[in-house]
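This report covers the strands, the core, selected contacts and the salt bridges. Please keep the sequence and the model in view.

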Amino acid sequence: MPRFNRPSRPGGGARSKWTPPPELDLERARAGIPSRESAPDGEWSVRRITERNAAKTYTCPGCNSSILPGIAHLVVWREDSLFGPETALADRRHWHVRCWQTRSFRY
C-alpha cells in the first residue's frame, strides 16, 4: 500500500519554507521571564505583567487596594522558601510596581 504523506489536519497546518516566520512580540517574550532580586528580607523572583496581559483583579499586599485588569504590575514569590519551590510558587503575590519598590522590610 502506498504512503500518504500529506498532513491529516484540516487547513494544512504546515508553513511553507518560503513564507517569513511570524513576527516575535519582544514585550510579551520578556514579560514571562522572572528576574531575581536580593533584599534584606530574602531572595525573590519578580515577573512583570504588562497592561495587555493583566486580566484579573488582585489585591496588592503593600497597600491592600485592588490591582484592576489592564494595569501593569508584578508577580513576586520567594526563592529561598523553607517549604520548597512548589510552596513558594503557590504563595506568590501580585504587587503594584511602586508598592514593591517602596515596601518596608520588617524584622
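## A buried serine

S45 counts as buried, because its relative accessibility is 4%. Buried here means under 20% relative accessible area, exposed means over 50%, and partly exposed lies in between (1.4 Å probe, protein chains only). S45 sits in strand 2. Helices (H or I, at least four residues) and strands (E, at least two) are DSSP runs, numbered from the N terminus. Which residues does S45 touch, not counting residues up to four places away in sequence? They are P34, S35, V75, V76, W77 and E79. Contact means heavy atoms within 4.5 Å.

This is a predicted model, in which local features need pLDDT of at least 70 and side-chain atom pairs count only at pLDDT 80 or more, while totals for chains, interfaces and linings use all residues. Residues are numbered from 1 along each chain as its sequence is written, and side-chain values use heavy atoms, with hydrogens and water left out.

In what order do the 4 strands of the open sheet run? The order is 1-2-5-6, and the pairing is antiparallel. Strand 1 and strand 6 (93–95) are the edge strands, each pairing on one side only. From one strand to the next, the twist averages 35 degrees. For such angles, axes are lines fitted to C-alpha atoms, for helices over the stretch in contact, and angles run from 0 to 180 degrees between N-to-C directions.

Two strands pair if DSSP finds at least two bridges between them. Strand 1 and strand 2 are antiparallel, with 5 bridges. They form a hairpin with 2 residues between them. Across this pair, E37 stands opposite W44 of strand 2. Strand 2 also pairs with strand 5 (residues 73–78), antiparallel over 6 bridges. There, R47 has V75 of strand 5 as its bridge partner. Strand 5 and strand 6 run antiparallel and are joined by 3 bridges. V76 faces R93 of strand 6.

## The nonpolar core

Nonpolar side chains tend to be buried together in soluble globular proteins. In this model, the largest nonpolar core has 9 residues. They are W44, V46, C60, I67, L74, V76, W95, C99 and W100. Strand 2, strand 5 and helix 3 are the elements that give two or more residues to this core. A nonpolar core is a set of buried Ala, Val, Leu, Ile, Met, Phe, Trp, Tyr and Cys residues joined through side-chain atoms within 4.5 Å.

W95 belongs to this core. Residues up to four places away in sequence aside, W95 touches C60, P61, G62, I67, H73, L74, V76, W100 and R103.

## A loop proline

Where does P61 lie? Its place is the loop between strand 3 (58–59) and strand 4 (66–67). P61 is partly exposed, because its relative accessibility is 37%.

P61 and W95 are 34 residues apart along the chain, and their C-alpha atoms are separated by 6.6 Å. Leaving aside neighbours within four places in sequence, P61 is in contact with R93, H94 and W95.

## Salt bridges

How many salt bridges does the structure hold? There are 3. A salt bridge is a side-chain nitrogen of Lys or Arg within 4 Å of a carboxyl oxygen of Asp or Glu. One joins R36 to E43, with the closest N and O atoms 3.6 Å apart. R36 counts as exposed, because its relative accessibility is 58%. E43, at 24%, is partly exposed.

Another joins D41 to R103, again with the closest N and O atoms 3.6 Å apart. This pair links distant parts of the chain, 62 residues apart. D41 is in the loop between strand 1 (35–39) and strand 2 (42–49), and R103 is in the segment after helix 3 (97–101). D41 or R103: which is buried and which is partly exposed? D41 counts as partly exposed, because its relative accessibility is 23%. R103 counts as buried, because its value is 15%. D80 and R78 also meet in a salt bridge, at 3.4 Å from N to O. D80 is partly exposed at 36% relative accessibility. R78 is partly exposed at 32%.
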